[in-house]
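This briefing sets out selected features of one structure, grouped by topic for quick reference. Please read it alongside the sequence and the coordinates shown below.

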Amino acid sequence: MPALNDILRIRRAKLEDKHLFRELQVIGRDGGDVVTVTRGGRQLISFSSNDYLGLTQYPQVMAAARHAIDEYGTGAGASRLITGNHPLYVECEEKLAEWKGTEAACIFGSGYLANIGTITSLMGKDGLIIADKLSHACLLDGARLSSATLRRFAHNSVDNCANILEKHRNNYNNCLLITEAVFSMDGDTAPLEQLIQLAEKYDSWLLVDEAHVVGTESLLFISKSENVVVTSTLSKALGSYGGYVCGSQELADYLKSTARSLVYSTALPASVIAAASAALDIVMQKPELIDVPLMRAKLFTSLLDLPVATSAIVPLIVGDTQKALNMSYALEEEGFLVSAIRPPTVPPGTARLRFTFSALHSEEQVRGLAQAVRILQATEAAA
Ligand SMILES: *Cc1c(COP(=O)(O)O)cnc(C)c1O
């Protein structure tokens, strides 16, 4: 039998050939301006963080985490069902439900764990899952783990989804439609109202992943339907770590006793929940903060004559993986940290630069970035 490392070297070489081998970069924070990061000793303005509201560095949020460590220590010590369910969980779940306008919420170890736990808990062999083609990896992982039949509909195509339902729904006991409110790599939004109508018409449930939703805007009609499950994360706009599900009390109770990623994994540290709770206080007290990332994204798309931004995420599709990497390096030379996103995170041939905008970016920083991109595009065109 070949040695493990020999096999890994061969596999690595194959990935390297396709420019798909990835190495972790050390990204520091310089403690000053919170969108400024350091890489290789250089200061860069980051347009690659999901810290949409800058809450990871917010004094009140940091103080809440410190205070919780003093009170509870570091780790939670056990799963939520054993002895890990400290009082901060209850408080934070109540706030999440209030913020999202649902009856209840259930916190998981991460957004990834919330999705795989919820999907496997709701669906089994007798079920059909119909997921948007561009659904995040953890939604598809959850679908596969559940042993339900997985079918995928063309991105944001209500017609394609309806066709699949028409053809296959009757062969299964349960059916779950899956989509994202804001798509993580494209920044576009799902036709939620129409998908809810489809779910109702075909006696199905709808799971909406809101990981990249900064506020509560997409919930206007969601919370009105009993058959909608919302999953999200505490790790992006809320500046902490963890994931959660919002919906009925019935749903939250059921997940707490059946979702394996919750039952068999240690509870989150009190400091992490305390930070999320403090972040929720801020977004509820200052709802105007939530609008800023989209305003910055819109400024950027208008400066570059791109389609108007519909979320804080703006993709610039380049196509070729190496070209996307080169553009990312060139922007780094200009002082901007912008990630190149490549397959398999995005479909082959759609490598891209992905810009994420934060409430902390000044208009001036956005203008500077747009100018650097413009110059890069001109150089490319001339080459
Ligand atoms: C980031 C993300 C997740 C995972 O959330 P984590 O809390 O980082 O595990 C799930 N779904 C989508 C769409 C995401 O972008």
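Helix α6, which spans residues 137–145, has C138, L139, L140, G142 and A143 among its buried residues. The model described here is predicted.

- Just after α6, S147 adopts a positive phi of about 60 degrees.

**The ligand site**

- The ligand is surrounded by 15 residues, and the closest are G111, D209, H212, T233 and K236.
- By class, the shell around the ligand comprises three nonpolar, nine polar and three charged residues.
- Helix α5 (residues 111–122) makes the greatest contribution to this shell, with three residues.
- D209 places a polar side-chain atom 2.6 Å from a nitrogen atom of the ligand.
- H212 has a polar side-chain atom 2.7 Å from an oxygen atom of the ligand.
- In the side chain of S235, an N or O atom lies 3.1 Å from an oxygen atom of the ligand.
- On its own the ligand has 380 Å² of accessible area, of which the protein covers 86%.

**T118 in helix α5**

- T118 belongs to helix α5, and T118 counts as buried because its relative accessibility is 0%, below the 20% cut-off.
- Leaving aside residues up to four places away in sequence, T118 touches F108, L207, V229, T231, V245 and L255.
- T118 and L251 are 133 residues apart along the chain, yet their C-alpha atoms are separated by 9.4 Å.

**R169 in a loop**

- R169 is located in the loop between α7 (158–168) and β7 (174–180).
- Although charged, R169 counts as buried, because its relative accessibility is 8%.
- The side chain of R169 reaches the backbone oxygen of Y172 at a distance of 2.8 Å.
- When residues up to four places away in sequence are not counted, R169 touches L128, I164, N174, C175, Y202, D203 and S204.

**An open four-stranded sheet**

- An open sheet is formed by four strands in the order β1-β2-β3-β12, with mixed pairing.
- Its edge strands are β1 (28–29) and β12 (336–337), each of which pairs on one side only.
- Strands β2 (residues 36–39) and β3 (residues 42–46) run antiparallel and are joined by four bridges.
- T36 has I45 in β3 as its bridge partner.

**Backbone features in loops**

- In general, most residues other than glycine have a negative phi, and most peptide bonds are trans.
- N156, which is not a glycine, has a positive phi of about 60 degrees; N156 lies in the loop between β6 and α7.
- D305, likewise not a glycine, has a positive phi near 55 degrees.
- D305 is situated in the loop between α13 (292–303) and β11 (313–319), and D305 counts as exposed because its relative accessible area is 63%, above the 50% cut-off.
- The peptide bond from P343 to P344 is cis, with omega near 5 degrees.
- P344 is part of the loop between β13 (339–341) and β14 (351–356).

Terms used:
Residues numbered from 1 in each chain as written. Predicted model: local features only at pLDDT ≥ 70, side-chain atom pairs only at ≥ 80, totals over all residues. Heavy atoms only, no water. Helix = DSSP H or I, 4+ residues; strand = E, 2+ residues; numbered from the N terminus. Buried < 20%, exposed > 50% of the residue type's maximum accessible area, 1.4 Å probe, protein only. Polar contact = N/O pair within 3.5 Å; in protein donor to acceptor, adjacent residues only side chain to side chain. Contact = heavy atoms within 4.5 Å. Pairing = 2+ DSSP bridges. Near = heavy atom within 4 Å. Areas by Shrake-Rupley, 256 points an atom, 1.4 Å probe, with all protein chains shown as cover.
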